[in-house]
Amino acid sequence: MKREAYGTEYYKAGLRNISSLKKIEEYIVPIQSSESLNLKAVNEYIESMNVKETPTALSISFLDIKYPLNHYDEIWVYSHFLLDGHHKMYAANKAKKAITLLSFLSIDESFANKKQIDKLFQVLT
């Protein structure tokens, strides 16, 4: 988990190259702060992950396209805002374990066109 200077917490979930001048940066953004989490629940998830259980979190996601930035023609920011699974995600981060994420991409609210969203699905699968 990372925290920006102004207080926003996030998890960096991945980086994929689309081409030499285009990349996808993927983030998971909790809508509940880590300070508000129940540490007993977090520790219970860590224990369950250590016996091969893989929990699932739920998010609403958006794709935002940035032009040009840091030597790239395009940076695609694929952000997942956690709706459920804050304890699971924090526990997975703390234990350095993977979890699954059920994500619903909001096509109408994303700052991307249909062609870009189709390309996102091609790159992710």
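**Entry 1: Ser34, and what I am looking at**

I opened with Ser34, which counts as buried at 15% relative accessibility. Buried means under 20% relative accessible area, exposed means over 50%, and partly exposed is what falls in between (1.4 Å probe, protein chains only). I found Ser34 in the loop between E3 and H1. I also looked up its separation from Lys12: the two are 22 residues apart in sequence and 15 Å apart in space, C-alpha to C-alpha.

A note to myself on the ground rules: this is a predicted model, where local features need pLDDT of at least 70 and side-chain atom pairs count only at pLDDT 80 or more, while totals for chains, interfaces and linings use all residues. Residues are numbered from 1 along each chain as its sequence is written, and side-chain values use heavy atoms, with hydrogens and water left out.

**Entry 2: The whole chain**

How many helices and strands does the protein chain have? I counted three helices and six strands. Along the sequence, I read the order as β-β-β-α-β-β-α-β-α.

The C-alpha atoms fill a box of roughly 45 × 35 × 25 Å along the principal axes. Of the 125 residues, 37% count as buried. The accessible surface comes to about 7900 Å², and 52% of that belongs to carbon and sulfur atoms; the areas come from the Shrake-Rupley method with a 1.4 Å probe, and for residues only the protein chains shown count as cover.

I then turned to contacts, meaning heavy atoms within 4.5 Å. Among contacts with a separation of 6 or more, 64% are between residues 24 or more positions apart.

**Entry 3: Strand E5 and its partners**

Strand E5 covers residues 74-84, and I noted that eight of its eleven residues are buried. I checked which strands pair with E5, a pair being two strands with at least two DSSP bridges between them. E3 runs parallel to E5, and eight bridges join them. Within that pairing, I picked out Ile28, whose bridge partner in E5 is His80. Strand E4 (residues 56-66) pairs with E5 in the antiparallel sense over nine bridges. There, Ile65 has Trp76 as its bridge partner in E5.

A reminder for reading strands: in a regular one, the side chains alternate between the two faces of the sheet.

Is Ser59 buried or exposed? It lies in strand E4, and I found it buried, with a relative accessible area of 0%. Not counting residues up to four places away in sequence, Ser59 touches His80, Phe81, Leu82, Leu83, Leu101, Leu102, Ser103 and Phe104.

Ile31 sits in the loop between E3 and helix H1 (39-49). I found Ile31 exposed, with a relative accessible area of 56%. Leaving aside neighbours within four places in sequence, Ile31 is in contact with Phe81, Leu82, Leu83 and His86. Phe111 is 80 residues from Ile31 in sequence, and their C-alpha atoms are 20 Å apart in space.

**Entry 4: Charges and salt bridges**

I counted 16 positive and 15 negative side chains, and the centres of the two sets lie 6 Å apart. Lys and Arg count as positive, Asp and Glu as negative, and His and the chain ends are not counted. The place of each charge is taken as NZ of Lys, CZ of Arg, CG of Asp or CD of Glu.

My search of the whole structure found five salt bridges. Each is a side-chain nitrogen of Lys or Arg within 4 Å of a carboxyl oxygen of Asp or Glu. Arg16 is partly exposed at 33% relative accessibility, whereas Glu26 is buried at 12%.

Glu25 and Lys23 also meet in a salt bridge, again 3.0 Å from N to O. I found both of these residues buried.

My last pair was Lys114 and Asp118, whose closest N and O atoms are 3.0 Å apart. They are four residues apart in helix H3 (residues 114-124), which means that about one helical turn separates them. Lys114 is exposed at 61%, and Asp118 is partly exposed at 33%.
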